[in-house]
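I want to look up a few local features and jot down what turns up.

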Amino acid sequence: MQAWRVHRNGEPGEVMRLEDVERPAPAEGQVRLLVRAANVNFPDALLCRGQYQVRPPLPFTPGVEVCGETADGRRVVATCALPHGGLSEYALADTAAVLPAPDALDDAEAAALHIGYQTGWFALHRRARVQPGETLLVHAAAGGVGSAAVQLGKAAGARVIGVVGGQNKARTAYELGCDVVIDRRSDDIPAAVREATGGRGADVVYDPVGGDAYAKSAKCVAFEGRIVVVGFASGTIPAPALNHALMKNYAILGLHWGLYATRRPADVARCHEELTALAARGAVKPLISERVPMKGAADAVQRVADGTTTGRVVVLPGADPR
């Protein structure tokens, strides 16, 4: 079979190589999946760089989530068991991590519904407890993780303000359902949020970026607001001023979805049922900006790493993906 493999750490476009390898053999408690679609995530770039919290042994195959097919023909979604990731014709997954693919979504959409939407759902509902009528501020709103939060926020009845970089991404954010869009390249984010909320600020902030995005969020979070930190795509981990949180009465919350997958898998399964129901009624639908063939995977991971993509980029290894 063909698989993309990383033999040394570095930039994805430089270290990913397409190779012919043997099909991976599942260990006890694992299943081998025919990969129908592999969603590209920012963690795939971090894995290539050796900067992710999980560091699989070299060589490894990136690709943390897929829509795949089991040996008995079931269409499923799963997180992959590294080092045998999803940018391959076949991948491995822990049996407990395999969930039914939503019938309402095609393979690419189903692959993209999983980690990003699970992260958004747990962040908004379990950590921030977002309420109908509240204002949700989403950074990187046109990206893969941010676009999921925008749709989930609207489905929860929130008013959504999206922060993007550039006019093209602004158009995408409006199409996703944002009520207000702020261009970080030309707008003053705190001032724009205060103007859009009548001076109140954002009740909930969804931050997958960190760095300067976090600093600006702290300037425009509402009284009793909640900032949910879900990642550091900027490459800079902020150091919050806790005296500021005390003076303004807001909460700083962390969300690492992987902990739910390991500590409370039943909660992950229940979340998947909720997401499947939302997809069935059209309340959420992953934005797939590109469907690329197997040979384009390394370039796709590099572009996601560089922040030049919108929505989700999905790799389709098969010749006839559904």
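How are helix 4 and helix 11 oriented to each other? I find them roughly perpendicular, a label that covers 65 to 115 degrees. The axes of helix 4 (residues 115-127) and helix 11 (residues 265-280) come within 10 Å and cross at roughly 100 degrees. Axes here are lines fitted to C-alpha atoms, for helices over the stretch in contact, with angles from 0 to 180 degrees between N-to-C directions. Helices (H or I, at least four residues) and strands (E, at least two) are DSSP runs, numbered from the N terminus.

Before going on, I note that this is a predicted model: local features need pLDDT of at least 70, side-chain atom pairs count only at pLDDT 80 or more, and totals for chains, interfaces and linings use all residues. Residues are numbered from 1 along each chain as its sequence is written, and side-chain values use heavy atoms, without hydrogens and water.

Next I looked up who touches whom, contact being heavy atoms within 4.5 Å. From helix 4, Tyr117, Gln118, Trp121, Phe122 and Arg126 meet Asp267, Val268, Cys271, His272, Glu274 and Leu275 of helix 11. By class, I get six nonpolar, two polar and three charged residues in this contact (nonpolar is Ala, Val, Leu, Ile, Met, Phe, Trp, Tyr, Cys and Pro; charged is Asp, Glu, Lys and Arg; polar is the others, Gly among them).

I see an open one of six strands, order 10-9-8-11-12-13, with parallel pairing; strands pair if DSSP finds at least two bridges between them. Strand 10 (180-183) and strand 13 (251-254) are the edges, each pairing on one side only. The twist averages 20 degrees from one strand to the next. Strand 9 (residues 159-164) and strand 10 run parallel, joined by four bridges, and glycine 162 sits opposite valine 181 of strand 10. Helix 6 (residues 167-176) lies across both strand 9 and strand 10, at about 165 degrees to strand 10.

Most residues other than glycine have a negative phi, and most peptide bonds are trans. I noted a cis bond from leucine 58 to proline 59, omega near -5 degrees, with proline 59 in the loop between helix 2 (42-49) and strand 4 (65-69). Leucine 82 to proline 83 is also cis, omega near 20 degrees. Alanine 140 has a positive phi, near 55 degrees, and lies in the loop between strand 8 (135-139) and helix 5 (144-155).

Methods:
Angles under 35 degrees count as roughly parallel, over 145 as roughly antiparallel, 65 to 115 as roughly perpendicular and the rest as oblique.
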